[in-house]
Structures are given as C-alpha cells and as structure tokens.
Amino acid sequence: MERTPIPVLTVQTAPYEDQRPTGGGGLRRPTALFESQRNYLPNFVQSLLSSVDLRDRQGCTMVVGSDGRYFSKTAIEIVVQMAAANGIGRLVIGQNGILSTPAVSCIIRKIKAAGGIILTASHSPGGPGGEFGVKFEVANGGPAPDMVSEKIYQISKTLEEYAICPDLRVDLSRLGRQEFDLENKFKPFRVEIVDSVEIYLNLLRSIFDFNAIRNLLTGPNQIKIRIDAMNGVMGPYVRRILCDELGAPANSAINCIPLEDFGGQPPDPNLTYATALLEAMKGGEYGFGAAFDADGDRYMILGQNGFFVNASDSLAIIAANLSCIPYFCQMGVRGFGRSMPTSTALDKVAKVMKVPVYETPAGWRYFSNLMDSGRCSLCGEESFGTGSDHLREKDGLWAVLVWLSILAARKQSVEEIVRDHWAKFGRHYYCRFDYEALEPRTAYFIMRDLEALITDKSFSHQQFAVGNNIYSVERTDSFEYIDPVDGTVTKRQGLRIIFSDASRLIFRMSASSHVRATLRIYAESYEKDPSQHNKEPQAVLSPLIAIALKISQIHERTGRKGPTVIT
C-alpha cells in the first residue's frame, strides 16, 4: 500500500521587528514569548532557513539538537516540519532531541553537514517562566558569523510567509532512519535519530589518552571526582564517558537527568548557582569537581576543599600543559585566542611558548576564522568557555578531560597545579561583576556616558588614589577588532581602562539577553611576587572596583546595592 504524500503548506504571517540574532545566529527570548506570540518561532526558523542559498539548501543535511529545556520537543517538531518543507534533504537529530552544543559541532564536521540548529538558551533558566533560544551553526560547526546573523535579521523584518509540513511526525525516541514522502518532492525527506553521545565520544577517544585518565580514576592512586550536570544536556555524556568509559563510580555524577526546568535552578556553572557541588567539594572527600551549563559548552573546575579555578586561569594552565594531550603532541600548537575581557594570564604562557595570542571580542564565532585559517589551536573566554581546533565550539567536557589528563600526568592536586602555575607565571587576580536584568535604556546611557568620560583627553594619565594604592591611567579605548583573516572590523566591543601597572578595568554590555540588559564590570591586577599570591581576589581588587563604581555611577543610576553575580 502506497503512503499518501505529506502536504507542504505555505502559511501567511506577519514579520516581527525584534528577531535580530544576538550573536552567533542565536535568538534568545522569554519562553512565554515563543509560546504566546503567533508564529514567533516559525518566523525565525523560516528566516534562518532562507538565509541559506536555495541551491545550497536543496537536498542538504542539517543537524538538530536541544538541551532538553521546556518547549524543546514542540520546537523540534516545528523545525523538522519546516526543514522538510524548505527542501532540506536529511536531518540528523539526537535521540529524544538531546545533543550538546559540542556534539552538534562534532556531528556537523564529521558528516559534512550544511549546518545545524540548536535549541538552547545556554545557562539561562528553563521552564515556562524561563528562557528559550534558537542557535544556528554553519558548515564549519561553529556559530553563525555576524554577516549571516544580519542576513537572518533582514529576512525576518519583511517575512510574509513560511513553508511547513504540519502533518509530518517524527519519533525522536527511535534510533535509526525514518523516511517521509512529501507532495511535489522527487526524493523522500529523511530523518536519522542518532545516539546523542557516540560520535562525540569517538572524537574524544582520538584526542586523549583514555587509559591514563582511567588509571587516575580507578588505579591505586585514584582520586574521587564529583561532576554536576546541573540537570542539563550533559547528564548522558557524563554517565557514558566519565562513568561507563573511564571508570568513575556512578555516584560521582549528580543531577544527570535532563529536566525541562533544570530542577528549578539556573544551569550556570559558577559559585553562585553550582552550590551543591561547592558544598560537596568543601568537605574534602573529592579531589576534583566540575559542573556544566545547560548545553554543555561551559564548565567550572573546583579542587579539593572547594578550591576554585577561575576560567582565565584554567585557560592559561591548559595552554601551559598541552604536552599532556596526545592530540597536541601530534598536531602542534600554532597560536592562542582569548576574548578581550578574559585575563591576560594566557598571554604570559604564550610569550614563554613563543606563540601568538589573538585578542577578540566576546563570542566564539570570532575564534572560528582563526582556527579555520590554521592560526589558532586553543581558545577561551572568561565566561567558562574553553575549546580547541578539534571543534568550532567551546567544549566543557573536553576541558574537564584536559584537566584530568594534566592531573594524571603531573600527579599533583588541582591546587598544587594552580599554585605552581602562579609561581612560574605570576598570578592574575581577576573578578567579574554582573548587573543583570537592568532596564536597557539605563544600561545604554551608563555605557554612553562612561565612553564619553574615559575617551576624553583629560582622562588619559589621570591618577586615582584608593587607600594606599595609586592607579595611573595609561590608555583607554572602546575595543575594536580587525579580523586578521578577512579584515572584517568589529567596533564597540567594550570599554577598556589599562593602568600603568597593567591592571585593567573593562565595562561591557552583554548581548545574550533581550528584554533586560546585563552590564558587566571586569577587574584584573597582576602580581608576580609569590608571597603575595594567597590573598582574596576581592580584597586585592577592591580599589579597582571602587574606581569602577565611582566613574560609572552604576549603583546610583540603577538603585542597585551590588552586583547580581560575582565570579
């Protein structure tokens, strides 16, 4: 009996003015907006699909995954129905819709797909009252570059219709191929449901010495680890790779069931939200701890007794110990990349290793060009994202396996490794103050006035006296980046004040949210003297923070008494 072809419908719609991707081809909004606004998701998906040239789109393969948050399954169904109607030939989807962001990047590159769609809002809360997002990956497995994001936005502003196959239903739980005959299509539309972990795991096997890590976790001098998946996408990866493959006891992994609301907590791996892990580590029973965000691209490292490794130090320590990883012994190290707000700890390592450092705006898409051109082997951001040229996305589990490899090779604790690094390269005291959910106009005017202040000629060489400290301004700017590969110029990426002792203050608006604004203040102070390496970062940086609060007037202008989050 022949199957009746599934109809392809064209649905009339009206454009939305607010669907500008915030970077990397991503749209992140309150979940309620996607649920309540007519055609809000279909409009953006159509704009995204239409941004791919028709000849490249027809019959191509794309990858689809989600972090499992509320509304994901509904959204996946819409994405599948619209992909079919728009001429996509094949979709590869993680079982039950689950794929981490690194896994999507991995599969795109492995099967040479045209791109991918990830349904995630990263570390933002889930559930009906949380946030939802749609992110577009291009053919190199990395976030969409700015020109693609702009194209999506321009299409979204004039969109009048979208194509969809509303009767098409896919069983996301069943591994294997499913085929669908569509009206007026010569070839069937295919969906392949794949194991969420397997392809990514095979890549990791080719990068690391799994035997060395397994011996660390199971051998005579084994360490106990505690890994918190924060009820996001990483649960299946942690269990399969760290427990089943590498031998960590099953009870090493906590919060490993992906939940639509992430258990009611923001899936954000920092000291504010990963409190269960922090408390467990403070007890001294575990030698290594890590947490991941919702989609698995960010991570946090803790040592015994809750010893915290900030992301900038983690990046520098990984760079200094790449010889512990077979992949880099084979491939070599060509260069490093860091986002501008990330501390300059990486630069000290690069100088010793005699490799270049590329300082980019925040956003992983800026690293993709560097890696594609062979300039960059390791990249990182202060927002707990680190990765290498094995993918074109930051990769939380990869970073954790690097750390375990370093522990296995050096036979030291996390704290000993960090302190040895400080002794050799100096310590970069560093912190970030996040003022979240600000009224956007207020945040905009704070930044506008601050830029006028610090770029005025009278500000240069100004001195600030705070207690016994005197800080002399050496230079200021509004950061802009010229891509060394294609010459693209990206302006207004944060305000920098660099002092004569190499201390830095940075002010930056985060582009990851929409309805409310986040303003971030970064402070960094370098200390070479090992006898001064045991101080609390807040104490060391308090004079710089005082300067930042004084010149920005952020508390007076927002009514806040302090930041929402300190990292």
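Good morning. I begin with helix α10, whose buried residues pack against β10 (225-228), β12 (288-292) and β13 (299-303). Here, contact means heavy atoms within 4.5 Å, and buried means under 20% relative accessible area, with exposed over 50% and partly exposed in between (1.4 Å probe, protein chains only). Helices (H or I, at least four residues) and strands (E, at least two) are DSSP runs, numbered from the N terminus.

A word on the source. This is a predicted model, in which local features need pLDDT of at least 70 and side-chain atom pairs count only at pLDDT 80 or more, while totals for chains, interfaces and linings use all residues. Residues are numbered from 1 along each chain as its sequence is written, and side-chain values use heavy atoms, with hydrogens and water left out.

Which residues of α10 are buried? In this helix, residues 275-282, they are L277, L278, A280 and M281. They cover an arc of only 165° around the axis, so they lie on the same side of α10; the arc is that of the directions from the helix axis to the C-beta atoms. After α10 comes G284, with a positive phi near 90°.

I turn to the nonpolar cores. Such a core is a set of buried Ala, Val, Leu, Ile, Met, Phe, Trp, Tyr and Cys residues joined through side-chain atoms within 4.5 Å. The largest has 76 residues, and F288, L397 and L404 have the most contacts inside it. Helix α15 (residues 396-410) supplies the largest share of this core, 11 residues. Beyond its neighbours within four places in sequence, L397 is in contact with residues including Y200, Y237 and F292. A second, separate core of 48 residues includes Y40, V45, F136 and V148.

Next, the aromatic rings. Rings of Phe, Tyr and Trp (its six-membered ring) pair if their centres lie within 6.5 Å; planes under 30 degrees apart count as stacked, over 60 as edge-to-face and the rest as tilted. The structure holds 15 aromatic pairs. In one of them, the ring centres of Y200 and Y237 are 5.8 Å apart and the planes stand at 80°, so the pair is edge-to-face. Y200 belongs to helix α7 (residues 198-207) and Y237 to helix α9 (residues 235-245), 37 residues apart, so this pair links distant parts of the chain. Both Y200 and Y237 are buried. Y16, F34, Y40, F71 and F132 form one aromatic cluster.

Two rings also carry a charge over them, meaning that NZ of Lys or CZ of Arg is within 6 Å of the ring centre and within 35 degrees of the ring normal. K348 lies over the face of Y526, at 4.1 Å from the ring centre. The charged end of R427 sits over the ring of W422, 3.9 Å from its centre.

Finally, the sheet. What is the order of the strands in the open sheet? The 7 strands run β20-β21-β24-β25-β26-β19-β27, with antiparallel pairing; two strands pair if DSSP finds at least two bridges between them. At the edges stand β20 and β27 (565-566), each with a single partner strand, so one side of each is left without a neighbour in the sheet. β20 and β21 form a hairpin with 2 residues between them, and G467 in the turn has a positive phi of about 60°. Strand β19 (residues 427-438) is joined to strand β26 (residues 517-527) by 10 bridges, and in β26 the bridge partner of H428 is Y526.
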